[in-house]
Amino acid sequence: MVFCMRILFIAHYFQPEPNFFFGLPLAKELVSRGHEVEILTGFPNYPGGRIYDGYRNKFFMKENMDGIMVNRVPLYPSHNQSSIKRILSYASLSISQAIFGPIMTKKADVAFVVQGPATIGFPSILLKLLKRIPFVFQIQDLWPDSLSSTGMFDSGMGMKLLHQYCKINYQMASRIVVIAPGMKKRLIERGVPENKIELIYNWCDELIVNAAEPVAGLADKLGFTGKFNIVFAGNMGNAQALEAVIDAAELIRNCCPQVQFVFIGSGISVEILQKKVAEKKLSNVIFHGRKSVEEIGSILKLADVLLVHLRKDPLFEITVPSKTQAYLAIGKPILICVNGDAADVVLQAKAGLVCEPENPQSIAEAIIQFVSMPASKREEFGRNGKQFYDNEMSIKIGVERLIQQFERAKK
């Protein structure tokens, strides 16, 4: 039997910042199940690094969002390429949460700590020591691995200190939640007890899926009509390494003239990719800018195949890119060009094909395989993916499993 709990969210990002995994939607879901939720976070500034209009960086602020109390504390806002400024931003928020959190928040049964930056562990530990609030530590980005992988921080001594700091976080946490099997394996290798760790996959923004209705004329407007559309939607940056996909488009333009690659979104690599397409004179690649939440679901529904691609990197082998969940939920076949956990998920779900990232030949061969198979097989991939998402990754399933972890933490 699950009893009503008072749950304190300690978060780096929260609405109106984009955080549909563990932000306001999760808080509202928990409230709908009879729990009381309070938030401890900073003033909204992500992703631009500027405080949002309507807010002012001050000592503290209490805000009621849909009946949920949000406690905001000051921070140094920054989200640019400067490692020093980013670290200052992370550290300033955690110090503020540690100072003001014990004063501003009510006594909770359990704290839920969403780790992007590992600095978020500091106020969690302090609240545990001062107010005896056990915490569930949910790891979105594995530190310090993500810092070295992105090149944000690469000091030998600094990395050793961060490893020790993270080890303290894991020791102090009552429960640890990870979003990919590889993360669990890595933590066990670092000495975290296996029975302390729970795998709970991220879910997607299900509003996108639920709003995905056919729109008359949309395929014509986007240039989809009469083509076999391979669609990539999302950020286009260094991590996505999409130059290899452009090279694959060149390889198959003659043998599969019906295939069209569609890139939807923005990012620092868009101009580089567009220049490469122009230099190669490729007519089978098109770009569309960012689309709203209301539009994107309907666009994904028009795809013949949905594409996930990340560069070869040990860090990406132990994560599942968030678009994977959305693609599964939308019910379309997936081409996953990522090594490790993400590929394993698609294979387990029987939702598509896997190929080698940053390997144009491998990507081209997988696309030819998709084109050659009966449409009924592609439809089967889509149905399988949707079923897997509903049974293993949906917000309903995820919240039920999180509540179990909260119950275990407060015992």
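I looked up K62 and found that it stands opposite N71 in β4. I take helices (H or I, at least four residues) and strands (E, at least two) as DSSP runs, numbered from the N terminus. The model is predicted, so local features need pLDDT of at least 70 and side-chain atom pairs pLDDT 80 or more, while totals for chains, interfaces and linings use all residues. Residues are numbered from 1 along each chain as its sequence is written, and side-chain values use heavy atoms, with hydrogens and water left out.

I then examined the pairing of β3 with β4 (residues 68-73): five bridges join these strands, which run antiparallel. Strands pair if DSSP finds at least two bridges between them.

I traced the whole sheet next. It is open, with eight strands in the order β3-β4-β2-β1-β5-β6-β7-β8 and mixed pairing. I noted that β3 (61-65) and β8 (197-199) are at the edges with a single partner strand each, so one side of each lacks a neighbour in the sheet. The twist averages 20° from one strand to the next.

I checked what packs on the sheet. Helix α2 (residues 83-104) touches β1 (6-11), β2 (36-42), β3 and β4, where contact means heavy atoms within 4.5 Å. The direction of α2 makes about 130° with that of β4; axes are lines fitted to C-alpha atoms, for helices over the stretch in contact, and angles run from 0 to 180 degrees between N-to-C directions.

Finally, I inspected α15 (residues 375-392) and α16 (residues 395-410), whose axes come within 6 Å and cross at roughly 25°. I record α15 as roughly parallel to α16 (angles under 35 degrees). The contact involves Y389, D390, N391 and E392 of α15 with I395, I397 and R401 of α16.

Key. Angles under 35 degrees count as roughly parallel, over 145 as roughly antiparallel, 65 to 115 as roughly perpendicular and the rest as oblique.
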